[in-house]
Each structure stands twice: as structure tokens, then as C-alpha cells.
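Biologist: Please walk me through one part of this model closely, starting with a sheet. A neighbouring topic at the end is welcome too.

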Amino acid sequence: VTVHEAPPTHTATTDPSGDRGPARPQASRLPDIPGPGETALTLWRRLRRMSTALVLLFALAAASVVATFVPQEPVIRSTVADWRAGEAGPGAGWARAFDALGLFDVYGSWWFTLLTATLLVSLTGCLIPRWRAFARNVRGRPPTGRNLDWLTNHTVVTTPLGAGEALTAVDGVLARRRFRRRRVGAQVAAERGHWREGGSLVFHTSFYLILLGAVLGQTFGFRGHINLAEGSAFADTRIAYDLAQPGRWWNLDDHRGFVVRLDAFAVSFYDDFTPSDFVSTITILEGGQPVRAEEVRVNHPVRHQGMVIYQARWGMAPRVVLRAGDRVIFDEPLMLSLAEGRGWIWTGVGKVAVGGGGGDGEGGRGPQVALDVVLLPDAALTEDGMPFSRSPEPKNPRLIADLWVGEDLGLDRPVPASQFDRDAGQVVGPPAILAPGESVGMANGALLLEFPDLQTWSGFQVSHAPGRWLLVLGGTLLLAGLIPSLYSYRRRIWAEAHPDATSTRLVLAGVALQRKEAFAEEFTGVAAAVEAAVAHPVLDNQETHG
Amino acid sequence: MVNAELAQTSNTLFHAAFLLYIAAMIAYFFRLAFTRVTAEGGSAGTAVGRRVGYAGTALAVVGVVVHAGSVLARAFAVIPPRVPWANMYEYSSLLALAAVAVGLIVVQRRLGYGHLMGFVLALAVLSMTSALLLFTEAGPVVPALDSYWIKIHTSSAMLSSSIFMIGFAATALYLVKDIAERRVAERSGSRFGASTVGAASVRSAPGGLEGPPVADLESEPETRDSRDVIASPLAQRAVLSPVLFPVVPFVAVAAFTLAVWRAPIAALAAGSVAALLGTVTWYAVPHLPPATSLDNLAYRTVAFAFPIWTFAVIAGAIWAEEAWGRYWGWDPKETGSFFTWVLYASYLHARSTHGWRGRRAAWIGVIAFVALMITYYAVNLWVVGLHSYAGV
């Protein structure tokens, strides 16, 4: 205890005796100004207080409210873009303010990290002394009681047994109720309910495990997305993924290098056309040899060599062939995506630079060609002649293709895969409408467009998250600690024997730190059990040993 | 693949249960109005009140049976049968069923607060009203929900929400009763001018994560506190504003309904029910158990529901890993449930922190319940996220 912890009035009055110890400097008339170390100590103490932890918890809650109602960039990027552009949300000005405060990525913002760190420091500062005290309490033996008659829960039992026998009987009763006991002189002291504090400590400590698991998963983990048309394959390497999100310490050679081939993808529908199941049939190959054949479904990922393959997306993939005379200039399944808000209409783009392989005198550059494709899986016409799709199932598929030609449609420039520079080209001829197996000449017969068959594509997420066992362990400990911390309660019971000539007077008393009502009931039960155990000497023996 | 007949049966039974609950609620309120509360917190009813109370219990029990029938019919109306909690209509309906069932078994039978069941039934009726607003025809589930985790995650979330609902009723009633007791004590100008109930609640608090040091383990003097002072039960009603009690719930519930559903008539109806409930609360104040008991009931229900909610959140994270490839992505629903969890954790911590016990902790409990409602309704209906498929 430092001298500065005395009340402030103390320094204002001169100490009349003046000899409070040689270490104490001559009393100054100035009030004590806490030094930096002391301020830090005060702050540290304040940080460790439960009320500080409460305030920090509220701040955490407030942050998550913001994150619920302000779109979060890692979750829905497009909406955030709309907010920034002022097309949605409160306006572009507000969006700039939100950006400055990091509100579009609350959980990645510096202040959220700071908040979490402060909470963790506070928790640590609180937990270390509590763990120590807990260890002391658990190792210690139940203390003896004094003035038992003063306690709220107390009762007196008179028994014909001698003091020693009576206490042994009480000891037996308490042992059956799983109390920790100690016999001191004419007293049995018993204690139970360390699990309340122990559970609470386990509960709070499990957060470190969960946090550690999450950080491990983030830094040593990997997540990638890949779309595959039926029949195609990809190798687990960085360049294979359409989108890769490696953790900071995920290395290129951490990729396993196995090959995943999508053999087939099937989607089935209920009567109301909501999808009922998505199944990707895959083959995993290592060193060119197939090692596993699996089905990937929603809620049923496939694990291989620590990498987990999830069913994430799907779509229609019409195979499209474009011929210029005898030469095939394009032959690929086009991975189409569902046009938003237009029923079951799939759209996509196929792009090809016609002169690419030519090698003429003009540097190999010819016109660029793009196919703007619409697919109706179950095509029909509305009453006013507009094409639409009756259902999502490919019962009557029709491919509608517009041929765009231009000198520079942006195929060499970084344009999103599903787009091209429409301003730089023009539509040539009327749109082609094809059923599977059909073909049609385009651009006055210069090009032949074929639609051999309709396939599907499947999108996978492939991820590796180490620390998984830490998360599961943390979650289990969290629950395992929480329950005793809420329901268990710390209590002590004492029995004191006062023998006289013919009988022994047993004073039984108890006290609980928590859940006093529950304890009152328990105490009544203990008292009744003790009374029964000490009633007759013979019965007593049977009770204690049986 | 829907058995239309069974689906229709389910709807009919739902409406029957709805009416039964309303009748039971009225009976329970009648019983409450004929209950006298003694200073010890015991209660005694008049003969008529008791008889009507039995009728209310009977109605509620029949309501639960009918309601369970509705839920089962709904589950088997879809071929193959599936869990009957795959959309908001079904979830809201089950929420009400679980609240009434838990109320009857735990609050009434085990804890003996049967005369409070009217309020539990009222919340159940409100939940069923929201179910009616969210009505969806019986149908199969999308693949994302087709996992055994829906049985684990959704049912535990639902069960804990229904218990939180009961906890909210107790917390709100505690606040009202506490304010009334305190004001009566203040106006009677007695030596109990300060916090009468605060002191009482500190003493009977079942404790929290941190108890006082063991050295403080002395027996406390058993004093009966100031409730003997209350001159007449009606004094408690007189100190509370008869205007605020209907107006505040009306505005809150009507605004919430209007904001979430944009349905003015439904908002008006729900607001009126809430206003009625507010008036009933105002009228019932003298008949309520002492604030300490209510606080205790609130704590016990929340402490009961909190581990289940924790489990639901953890199970949700595991399911998310299986379905979406990540445990936690701060999707609005995940954020909302975390937010609710933090607030209920704060409530439990506040209950064991000096300076936060009593009314302050209770307000946190109220906010936590509002957070739960926002997480459930507003996030599903307003905010686009991965859980949106679970929408209407």
C-alpha cells in the first residue's frame, strides 16, 4: 500500500506526531501529485474493474449495431458501392463520413481492434488474480466456523451418540453430498461449489482459445473460389482460382496441388421451382491418377488433405462453337449467370479475337468478336411475343445470341469477364436463336455459330482453416464453464459437537455465497439427513458404510 | 409435395390456439385482479378469482395441445416431413408455443408465479400475431436449410428466445413494480426514503460471477423491509401515470410494426393490444409480487436461457462452417445474435456488479430483449444477408 492511497485530506493537515516512519519524507504542504507510474497503476486498476468491462461490452454491442444496419464491405460489396455512389443509403456525403470512420468495415477498423484489445487486456487483468485466488481456494481446506448460532441457516440436533461418532456420521452425510470436508477438534467443516468460480474462469478463458483459433485460421488459412464447367478440372494452385484470399502466412507451396475434376453437376427442383438439391460429382486426382470420387452438396462439403471443398454457386453453361470457314475460332462452354430479377433468364458473354492466331502482315490483329448470350432453359413466348422461361428446368432450352464486332472491344484490356466495350462495336445481323444441336450462319455467312449441347457449371469454395480444433475446444469449454458458473454456488456447512453426560448436542450451520434460497432448501435436506444418521447408533453404521 | 388437407388443418388449429390463448390470457388477468399480495410475497386469491384462474390454466393447457397439433400437422403436411421451424411464420408460432409451455411448466408449476401467466400469454399472442403477418404456405425447404443443424441450431435459438420472452415479462414487471414501490415509499415520507427495493434485491441476489470475498460471509439480520409501510395497495397504482402506461407500449409496438411491415392497420391493431397490455399492467401493479421476487424470476429465466442461446450461437457457427465455409462472417444475423448475446452477458454481469444491480441491470435486460426482437424481425425483414432466405 502506498502512502498516496491515504485520503486527500490527510496531506492537507500536518501530521502532529511527525514520526510516521523514517521512510516517509517530511510532510509537504502540497497535495500529492501522482507520478506516471502511479497514474498507470490507477488506470490499470480502473481497467480491471467489472464496470469498465461492462462499458466496453456495451461499446462492442454498439459497434455491432452499426455493423448490422450499415452494409459491410466484406459481406455485401455491391451495396456498399451503391451507398458510396449515393444510389442507396443516406447519401454520398454520409457515405464519405462513414468511410472516414471505417463504418463500412467495422470489424476490420482500427477502433474495433482497439476495443477488442482493450477488452482482452481488461479480461486478462481480471482473470490472472482470479485464477490465482481460485488455485489457492481449491488447494485450501475448508475453514472452521465460529459463532455458528448466529448464522441464518442453523439447527441443533441431539443424539445419543458420542461426539466422535456423531461427527463421523455427519462427515458421512456430507461426503455423500460431495462436500470437501475437514475434521478439526469437535468440528466438521465442509465446503462445496468451487465450480461456480471455476466455471466462470473456464468460460472467460475459453475466449482466448476462440480468438487464437480465429487468428490462426485467418493467418495460416486460405480461401479460394473457382467456377468449373462440367468436364473441366482445376489444380489446387494459386493461379487456378478465380478469386484467392490467402492468409498472411499462407505460402504458395502450401497448396496441395491435387486436381479436382467436375464430372457432372445436377440441380433438382420442387414443384414450385425452388431448388431442392445441388450435387456436384467430382473426381480428385493426384499425380494424374484418380484417388477419390465424391459428391459435393450444400451442407455436405468434401475434405481432402486439409482442404475443404464447398458447393457455392451454379449456373447454365451452353457449349458454343464459332467457326470461320473451316477454322474453329471459339469452342467453350459459356458460364452464364442468372439475370437478377428477370425470372429464369441466364446471360453471359463469349469473347474472341478473330485474327489472333493469324500471323498476317498486320501484327496478327483482326477484328474482335463478342457473343452476347441469353439462355432460356424452358423457352416460351408471352402473348405479346416476348420470349420468357416457363421454369428453371432445361426442358426446352433456347440460346439467343447477338454477334458484336468491333476493332477493339476491350478484350486485351482489363474489362470484367462478363463485359466488353459495347461502345466500340456494333451488332451484326439479327440475333440467332438456337436449340441444342442447331447451328446458324452469322455475319452474312462469314461465321457459323453452333450450339452442340447445354451443360451446367458449378462454383466451389475451397478453404483451409487451421485452428479448427481450437475453435471447437473453445466453444465446448465456453459452454462447459458457463453452466456451472450460473447454477453452481459456493457454500459451507459446519457441524460442532457439544457432548454431555448422556448425549451429544450437534450444532449444524451453513452459509451460501450465492443462491441463498436454493441453499436454504439444501440445508434443510442436510439437517434431515444428519438427524436420521445420528438417531440410532446401529443405523448410523449402516448409513456411513452403505 | 404438400398435403393440402393437413396444411389446412394446421392453419385451423393455429387459429383455435390463438383464440384459446386470448381467452386464457383474459382469465389469468382476471385471476390477477383478484389476487392479494402479502408483504412476504405470498399471494392469496378470492374464491372467484381462483376458479377463473383454474379455467385460465385449463384454457392455456388446451391451447398448448391444440397449438402443438397445429405444429405437428404443419410438419407432416410436407412430404417428406420436415422440421416445423423453417420460416418466420413457423418460427414465430413455435416461439409462442414454447413460451406458453415453459410458462406453464416452469413459471406456474415450478416457481409458483401462476398469476403472472397472463403477461406470458399476452406476449405469446403478440408473437402469434406476427406469425399471422408473416404467414407462408407450407412447403419444402431450400438446400441451404436442409441439414440436421436446423434441428440443433434453430430449435435452441427458438427455445432460448421463448424463455428470454418470459424473462422480459418479468423484467418489465419488476421495473414497474420497483418504481411503484419506491415512489410509495418516497411519498409516505418514511425512513425508507432511499432505495427500498434496491437494498432488498442486493441481499437476495443469487450472486453472479464474482461474489463478495468469503470473509464477508456473516449471517445477515433477517429484517422485513419497508413493504409493511405500504399503506394501501391502491397507493402503488396512484403513483403511476395512467396515461403513460397505454401510450408508451402503443407507440413502441405500432412504430416497430410500421417500420418492419409497413402495414398501418396491423400496426394499429398490434399497438392497441400493447396499449391494453400497458393498461392491464398499470391496473395490476398492486397485485404483482414484490419487486424482489420479480427481479429474481427475471434473473432465473435469463440465466436459464443464456446457456441455450450461447449454444445456439456456437451451433450456428459450426453450421456456417459446414454450409458456407466459414465459422463467422459478421453476416447481419450473426452480428445481431452476437449483439444480443453480449447484452444478455452484460445483464448477468451487471447483476453481480455493485452499482449496477437492480434497476440498472433490469434496463439492460430490457434492451437485450429489444435487441433479440431486432435480431429476429428487423434483420430478417430489413437487412439483406445470408439468412435472408429464412425470411418470410
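Modeller: Happy to! In chain A, 4 strands form an open sheet with antiparallel pairing, in the order S5-S7-S8-S9. This is a predicted model, where local features need pLDDT of at least 70, side-chain atom pairs count only at pLDDT 80 or more, and totals for chains, interfaces and linings use all residues. Residues are numbered from 1 along each chain as its sequence is written, chains are lettered from A and ligands numbered from 1 in the order in which they are written, and side-chain values use heavy atoms, leaving out hydrogens and water.

Strands (E, at least two residues) and helices (H or I, at least four) are DSSP runs numbered from the N terminus, and two strands pair if DSSP finds at least two bridges between them. At the edges of the sheet, S5 (233–235) and S9 (289–297) of chain A each pair on one side only. Inside it, S7 (residues 259–269) and S8 (residues 275–286) of chain A share 10 bridges in the antiparallel sense, and Ala264(A) stands opposite Thr281(A) in S8(A). Direction ignored, neighbouring strands are turned by 25° against each other on average.

For helices, turn to chain B: H4 (residues 117–133) packs on H5 (residues 149–187) at about 125°, with axes 9 Å apart. Axes are lines fitted to C-alpha atoms, for helices over the stretch in contact, and angles run from 0 to 180 degrees between N-to-C directions. H4(B) and H5(B) are therefore oblique to each other; angles under 35 degrees count as roughly parallel, over 145 as roughly antiparallel, 65 to 115 as roughly perpendicular and the rest as oblique. The contact (heavy atoms within 4.5 Å) includes Phe119(B) and Leu123(B) of H4(B), and Met165(B) and Phe168(B) of H5(B).
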